[in-house]
Amino acid sequence: MVVITDIAVQGAQMLLVLLLAPLLTGFVRKVKARLVRRQGASIFQPYRDLLRLLRKEVVLADNASWLFRVTPYITFAAIWVAAALVPTFATGLLFNWTADLIAIVALLGSARFFLALAGMDVGTAFGGIGSSREVMIAALAEPAMLLMVFCVALVAGSTQLSTVANFLASSYVGLRVSLGMALVALIMVALAENARIPVDNPATHLELTMVHEAMVLEYSGRHLAMIEIGAFLKLLLYISLIACVFVPWKIALFGTGPLAYAVGAVVYIVKLAVAGFLLALFETATAKMRVFRVPQFLGAALMLGLLGTLLLFVSRSF
Amino acid sequence: MMSAVALQLSCVAAFLVTAIVAIALSRSARATAVIYGATLVICAAALFGSLRWLLGDTANASMVTLPVGLPWLGAHFRLDALAAFFLVVVNLGGAAASLYGLGYGHHEEAPHRVLPFFPAFLAGMNLVVLADDAFSYLLCWEFMSLASWALVMAHHREPGNVKAGYVYLVMASFGTLALLLAFGLLAGPAGEYGFAAIRAAPHTPYVAALVLILMLLGAGSKAGLVPLHVWLPLAHPAAPSHVSALMSGVMTKVAIYGFIRVIFDLLGPPAWSASVVVLLFGSITAVMGILYAMMEKDLKRLLAYSTIENVGIIFVGLGLALAFQANGMKLAAALAFTAALFHVLNHSFFKSLLFFCAGAVLTSTGERDMDKLGGLIHRMPYTSFAMLVGCVAISALPPFNGFVSEWLMFQAVLQSPDLPQWALKIMVPAVGAMLALAAALAAACFVKAYGITFLGRPRGAAAETAGEVDRFSLAAMFILAALCLLGGILPGLVIDALSPISLQILGGRMPIQANEAWLSIAPIAESRSSYNGLLVMLFVAMSASLSVFVIHRFASRAIRRGPAWGCGFSDSTPAAQYSGASFAQPIRRVFGTMLFYARDHVDMPAPGDTRPARLRIELHDPVWEGMYEPVVAAVELSSEWLNRLQFLTIRRYLSLVFATLVTLLLVLAIWS
């Protein structure tokens, strides 16, 4: 019986992230449009886009290989699994112990690895430019991410997200400067990883400054739909991650019953909405930076992570 | 019933016999099949013996003394858990290389330069691991170096290979000198050369520090620690590809074995300051190695530089183990040590695999320069699949084996807050960040290696006409690729198999992983961190196939082929694709501007001028130009100066002799 509930909760979580992800992106787009006084498309537009793309035929370049055709599915699956392993509305899910935070980050790395390869498969200059910049950004973001993980693991004594969320939600941790720094570092990394302003512009197309869009330029039809929904899921994943580590309020603890799960789900959606609004606000207020300013941006995230860790040592020793 | 060590030694004897047979046979047409077949069988026997020893009863080491070597000492050989593990690595790599050689060897132009040395090289590596006294250790070490040197020089007429051999010889002699001094210090004034006596004797902190430095120089130069790595990217690619695989995948591990044997086993309890040095060199090596690889356009040299990175990662694991061991944190030390050994095993799998694939590309196209390749995924489907597995595994991505050892390493890094020393507390998180940087750069580097070589459109005639390689080579590649996957999804079995070693060397072990549910691994406790490669792979495979099924069933499965979109701009020439150098440009600009003094020079013709525009990339190797060139210049200057002594008159020679005699006598008189 317990196992069945567990599987149900885990399955619900997997479906929830899949269903919510396009809505979140639609919401962010809507808010951005309203902020610049445009009407904007409906917040359900991403669903319509996905359905339309799924129904269309795929136009493949003549020399595209099998790798190009399997990459959308591998990428989508890796991101979906990673997203399903981050606690959203409840901790202690059935398969939470399958992978800790480091493994989740690495799963996203696998997805990116294949996307970058697919960008080079057709052999156009745009694919190469996108792939090479994407791996550069990843190389800078990953050390910062690790230091953030380190800082959080020092406080919570674990890299297991369920345990971290449980600890931070249930015990009195208080306001910590270190955690604040780790939060800022994680937000900076999340902006870079999700190809958001100021690192990359998700709305850009046919520009020499594009990174992610250049990499997936050759994709069409259902393949593009998988890549799009992968990107939506990744945004949702990072917001869930920030929510579960830094604001785990009202997250349903393990085995607290259906009411707590329902409350957790509602609060989770509210958290997503707030985060989406803040993201839209930030993106509207900021300009995109040059590609070679990104190292400084992510270097700052790295330094924040390191400083957070060191502060934690200092505060512990006194 | 032969003892285990005698069994291993008889395998070594069989290798040596094979080497002699190879000399006799080398001109015959069937020599390749006979020799590689023989080494395959012997490696398999040695592998079986050492694996059985490692998985069976490892409490009592198996020892034998042969009446050769120094008359009062004899040659001691010993098989314990540590040696057995490294024998597994050596012989597994040797078996794979032999299998690959069965096919690849037929393309060899001068088989008589390769065949006799290949079994000798394997014998040398086996002997180093088995040796149990300083004299036999050094002798076997030199034998291994010389055999591999001969293999590096197999294609000595190709440009650059003579220099590679020369630099290798110089660096190998330097390394052996350092080892000689280290063992001299360890043996003490009494001259106890047996490892058992060295282990029993106490060592002062001064001696321990000196031995550590000498071992870092001696074993480190063979393993490829920066800045002693300069010979490695020259020599490893110069050898035939299956020998490159052995040198990179296995011989560097034998050097690491030497380091572990002396520092962890013989030297006694470590000082925490030792770990600072090892961590520093390890992390610098990891990052520098992969940055060098990123800048490289020769496929085999790229792989050799990536070996340097992986050696750095292994040394970071060993440094962490030293730090924890010095503070009595047995569990954390065992975790870091196991991570390092796991990475030793993993690297021997995927680096051999990648060198085999590079060798396949080389036989099929005759090219090592990535900028002349491209599109091989269409012409070499099996090789490209195996290479893809190797690239994902070496980039430390789940669900393959590279990720598991890297993950264990990060878990060890996360144990560092409990260390009492402030230097280590601050250093270890920074080292962790360096590891993450190296892993991310490795992913970038192998996207480049795979993307430029196998994807895109062919950049030259050689790449257009390439074909798939023979079955033996493919079998060797696919066996290693399968091992890469198995290591990634069943890491608990490997960790449990490695536990007798950490128990023997450190006196502590990781918790038994076989009891964990669903074959997951939990290095400390499940609430702290756990990982399950099997489930991750199953989940990804299931959701991928589910989405494929749903979409193809309910949405659309239509496909139309057309010209590439490329924003409406069709670049007709394959030369307009991204090349290796252009792919590396962002990283070159971010990291290389400072480290390699990288500069891009654009030569743009004036308007109306019809000559082509040129982009020249200027790169400097800081280690070679900053450390080695001054030494070379000093040697040349002094030899030029000393050269004058050759052309003196007889009177001057006589007066020189007289002056020397008087000076020596004066010194003697003052001394006594």
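## A buried strand in chain B

In this predicted model, all five residues of strand β2 of chain B (residues 75-79) are buried, so the strand is largely enclosed by the rest of the structure. The burial holds for both faces of β2(B): B:A75, B:F77 and B:L79 are buried on one side, and B:H76 and B:R78 are buried on the other. In a regular strand, side chains alternate between the two faces of the sheet.

The pairing partner of β2(B) is strand β1 of chain B (residues 62-66), and the two are antiparallel, with five bridges between them. Within this pair, B:V64 has B:F77 as its bridge partner in β2(B).

## Where the chains meet

The contact between the two chains involves 73 residues of chain A and 74 residues of chain B. On the chain A side, the elements that supply two or more residues are α2 (45-55), β1 (58-61), α3 (66-85), α4 (101-121), α5 (125-156), α9 (221-246) and α11 (294-317). The largest share comes from α5(A), with 17 residues. By type, the chain A residues that touch chain B comprise 46 nonpolar, 17 polar and 10 charged.

A strand pairing also crosses between the chains. β1(A) runs parallel to strand β3 of chain B (residues 559-562), and four bridges join them. One residue to look for here is A:L60, whose bridge partner in β3(B) is B:R561.

## A 33-residue helix

Helix α17 of chain B covers residues 422-454. At 1.5 Å a residue, its 33 residues should span 48 Å, and the C-alpha atoms at its ends are 48 Å apart, which agrees. Of these 33 residues, 28 are buried, so α17(B) is largely enclosed by the rest of the structure. Just after the helix, B:G456 takes a positive phi of about 75°.

## Prolines in the loops of chain B

B:P270 sits in the loop between α10 (241-266) and α11 (272-295). Is B:P270 buried or exposed? B:P270 has 21 other C-beta atoms within 10 Å, and 20 or more count as buried, so this proline is buried. Leaving aside residues up to four places away in sequence, B:P270 touches B:I263, B:L322, B:Q325 and B:A326. Between B:P270 and B:L280, which are 10 residues apart along the chain, the C-alpha separation is 16 Å.

The other two prolines follow cis peptide bonds. One such bond joins B:V226 and B:P227, with omega of about 10°; B:P227 is in the loop between α8 (205-223) and α9 (232-238) of chain B. Another joins B:P398 and B:P399, with omega of about 5°, and B:P399 lies in the loop between α15 (381-394) and α16 (401-413) of chain B.

B:A396 is buried, with 30 other C-beta atoms within 10 Å.

In chain A, A:R37 likewise is not a glycine and has a positive phi of about 60°. A:R37 is placed in the loop between α1 (2-35) and α2 of chain A. With 7 other C-beta atoms within 10 Å, A:R37 is exposed.

Conventions: Residues are numbered from 1 along each chain as its sequence is written. Chains are lettered from A and ligands numbered from 1 in the order in which they are written. This is a predicted model: local features need pLDDT of at least 70, side-chain atom pairs count only at pLDDT 80 or more; totals for chains, interfaces and linings use all residues. Two residues are in contact if their C-beta atoms, placed from the backbone, lie within 7 Å. Ala, Val, Leu, Ile, Met, Phe, Trp, Tyr, Cys and Pro count as nonpolar, Asp, Glu, Lys and Arg as charged, and the others, Gly among them, as polar. Two strands pair if DSSP finds at least two bridges between them. A residue is buried if 20 or more other C-beta atoms lie within 10 Å of its own, exposed if 12 or fewer, and partly exposed in between; C-beta atoms are placed from the backbone. The expected span of a helix is 1.5 Å times one less than its number of residues.
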